Amino acid sequence: MEHKELICINCPMGCMLSVDIDDNGEMTVTGNNCPRGDVYARKELTNPTRIVTSIVKVTNGELPVVSVKTKEDIPKDKIDAIIDELKDISVEAPVLIGETILKDVAGTGVDVIATKNIGRV
Amino acid sequence: MNKHVSILVIGGGPAGLAAGVSAYKAGIKDVLIIERDVRLGGILNQCIHNGFGLHTFKEELTGPEYAARYISQVEELGVPYRLATIVTDLQLSDDGHTKIVTTMDEQGGLTVYEADAVILAMGCRERARGALNIPGERPAGIYTAGTAQYFVNLEGRMPGREVVILGSGDIGLIMARRMTLEGAHVKLVAELQPYSGGLKRNIVQCLDDYGIPLMLSHTVVKIHGDKRLTGVTIAEVDDKLSPIPGSEKFYECDTLLLSCGLLPENELSGQLGVNLSPVTFGAVVNESLETSVPGVFSCGNVLHVHDLVDYVSEEATAAGKHAAEYIQSGIVESAEGGSDEKVTRVITDGGVRYSVPSLLRADHMADLTTIRFRVGAVYKDVDVVTYADGRELARLHKRVMAPGEMEQLILRKSDLISEGVPSEYRITIENKAGQ
C-alpha cells in the first residue's frame, strides 16, 4: 500500500488530495470536493499534463510580442521543448486572438494559439 | 462647459469593464469608462498565464482572453470609453450631489465631467522597495514582480538572469515560472511569513514543477551592489518576524523581484472624502458597494485585493447594477443610511480580518448578499460562524482557510432580519485547535 498527498490544481479551491494506492495499483482518492479532484489525482500520478503559456515575437505589431498558449494541455515533460520551439519563431502582425501560431508543437499534436489581438503599425 | 455623464467609471481593467457593462445593461446608457492606459483590460493584459474565468465562463482562460470577453461586450454594446486618459481630480459639487471629475489626455487636455454617480475601479499597486525598508545599496536590478511581468510579457525583455524573489504572492510565483521558462535561473523564493500568500495551485505549478525552493520565514536583510545588484543577504526570521542573528546567508544574483503585497490605489477616493478601511485600505462600503459618499461606488482591487478576477467581475457587476439603481431611483440619500433607517454593522473578529461589505441596510438588501472576507492566519478544521446580535445564524465548517485566499459567504436577508433588523452582524471563527 502506497500513500501520496497532492494539491488539486483544477480550480482555486486547491483541495488537498490523499491517494491510497493498493498493491494492485488501484487508487482511492479522498479530500476532493468535486469529481474533478479524483480525475486530477489519477492523471497527475500517471500522466501529468499542463497548459503552456508564453510569448512569440511579432514583426510590425503595436507590441513586439504576442501572448500564446497551447490549445489543450500537453504532457508536463514536453514543456521545455515547447518553449524552445516558440523562441525560434516570429509572426507578422496583425495577430487575432485564437489564431493558430504554430501547429503540432514539439510533436504533441497540439496547436499553439494567440491569446490576444496585436494590431499592425 | 463641463460635460454631464450619468455614471463615470474610473478604470478600464476587469472591475471597470464589468461595472460599465453592468450599468449599461441595467439601462443607464450614459456611462463613461476612463482608462489611463492605451488599451482596455488593465493588468490582465500582462497576465498571460491561464487559470482565469473558471468560475465565470466555466473554462480556463489566460488573462488577455478573459479581458477580451469583457472588452468585446463593451464594444458590442457600445459602452463609451476613453483611453490614455487619466483622472487628475475628483471632488464633490457644493450641494454634494454631483461628482466633479477632471481628466487629462494628450489630445484634448483637461476635461471636466459632472457625474451623477462614480464607480471607483482603479485597482491596486504593488508594494515597492521603498515601502519595504530593505537596507543596503540602491543598485539597478530590483523590480516589483509586476514590473518584471510587464517587461517579459509585453515588451519581450528579460530583466535579468540570476533571480531571487522576495515574497510569495501570486505574481511572484507566476514570475518564478515565467522567468525560468525564459531561461533565467530562479534561485529561491523567500517569504517572511510562515505561510505563502499565494494560491496553492501556483505553488504547485510555478515552484514545485520547476524545483524552485520556497523558504518560509525568511527575508532579505541586505542588498549588495554598486551599479547593478550583485547579491542579497537572506536571514531566517523568528515568530515576531525579526531576523535571527547568525542565520544570514549571501546569495549571488543580478535581479531581485518583490512580490510583497498589493495596496488599493485610493488617492482619488481620499480626495473625495470617502471613508477608507484601515485594514483593507479600500473604501468602507454598504451592501450596495456604495461608499460613505452617496452615489460613489467601489469594486475590484481598489475596494479590497482579490485573489481571483472572477470575483472582481462579479463584484463589479453588482456595483454597476447598484449605481444604475441609484440613478434610476432619483433619490439622493446617505450611504450610511437615512436618519430613520437602521444600519447593521458587520463585525469581524476571532481571526477574520475584515469583510466587504461592512454595513448592511436591510431595506436595500436583495434576498441574498455575498459577503467576502479574509482571515489573518492559516486555520484548519474550524467553523466560520455568523451571529445577528448574538443569535447564531449559520455555522460552516472549513477544512482550511489561509490569508492568501478570499473567502465568501452568502447571507440570506430573511435570516438576518427574522427577529428584527439587528445592530450587529458578526462573522467569527470558532473551534480552533485547543479551544
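So, to start: how many bridges join strand E10 of chain B to E17(B), and do the two run parallel or antiparallel? Three bridges join them, and the strands run parallel. Before I go on, please keep in mind that this is a predicted model.

Let's stay with E17 of chain B, residues 255-258. On the E10 side of things, that's residues 142-144, B:Ile142 stands opposite B:Leu256. E17(B) also pairs with strand E11, residues 162-166 of chain B, through four bridges, again parallel. There, B:Val163 stands opposite B:Thr255. And what about the faces of E17, covered or open? Both are covered: B:Thr255 and B:Leu257 are buried on one side, B:Leu256 and B:Leu258 on the other.

As a general point, nonpolar side chains in soluble globular proteins tend to be buried together. Here the largest nonpolar core has 88 residues, and B:Ile7, B:Val9, B:Ile119 and B:Ala121 touch the most other members. Helix H9 of chain B, residues 309-329, gives the most to this core, with eight residues. Take B:Ile119: leaving out residues up to four places away in sequence, its contacts include B:Ile7, B:Val9, B:Phe297 and B:Ala323.

Okay, over to where the chains meet. Chain B puts 21 residues into the contact and chain A puts in 20. On the chain B side, helices H3, H5 and H7 each supply at least two residues, and H7(B) gives the most, with four. That side divides into nine nonpolar, six polar and six charged residues.

Chain A itself is assigned two domains, 2-46 and 53-114.

Most residues other than glycine have a negative phi, and most peptide bonds are trans. Here are some exceptions. The bond from A:Ala93 to A:Pro94 is cis, and A:Pro94 is in the loop between strands E8 and E9 of chain A. Chain B has a cis bond from B:Val356 to B:Pro357, with B:Pro357 in the loop between E21 and E22 of chain B.

As for phi, A:Asn60 has a positive value near 60°; A:Asn60 counts as exposed because it has 12 C-beta neighbours inside 10 Å. B:Ala84 is positive too, at about 50°, and with 13 such neighbours inside 10 Å B:Ala84 counts as partly exposed.

How values were computed. Residues are numbered from 1 along each chain as its sequence is written. Chains are lettered from A and ligands numbered from 1 in the order in which they are written. This is a predicted model: local features need pLDDT of at least 70, side-chain atom pairs count only at pLDDT 80 or more; totals for chains, interfaces and linings use all residues. Domain bounds come from an automatic or database domain assignment. Two residues are in contact if their C-beta atoms, placed from the backbone, lie within 7 Å. Ala, Val, Leu, Ile, Met, Phe, Trp, Tyr, Cys and Pro count as nonpolar, Asp, Glu, Lys and Arg as charged, and the others, Gly among them, as polar. A residue is buried if 20 or more other C-beta atoms lie within 10 Å of its own, exposed if 12 or fewer, and partly exposed in between; C-beta atoms are placed from the backbone. Two strands pair if DSSP finds at least two bridges between them. A nonpolar core is a set of buried Ala, Val, Leu, Ile, Met, Phe, Trp, Tyr and Cys residues joined through C-beta atoms within 7 Å.
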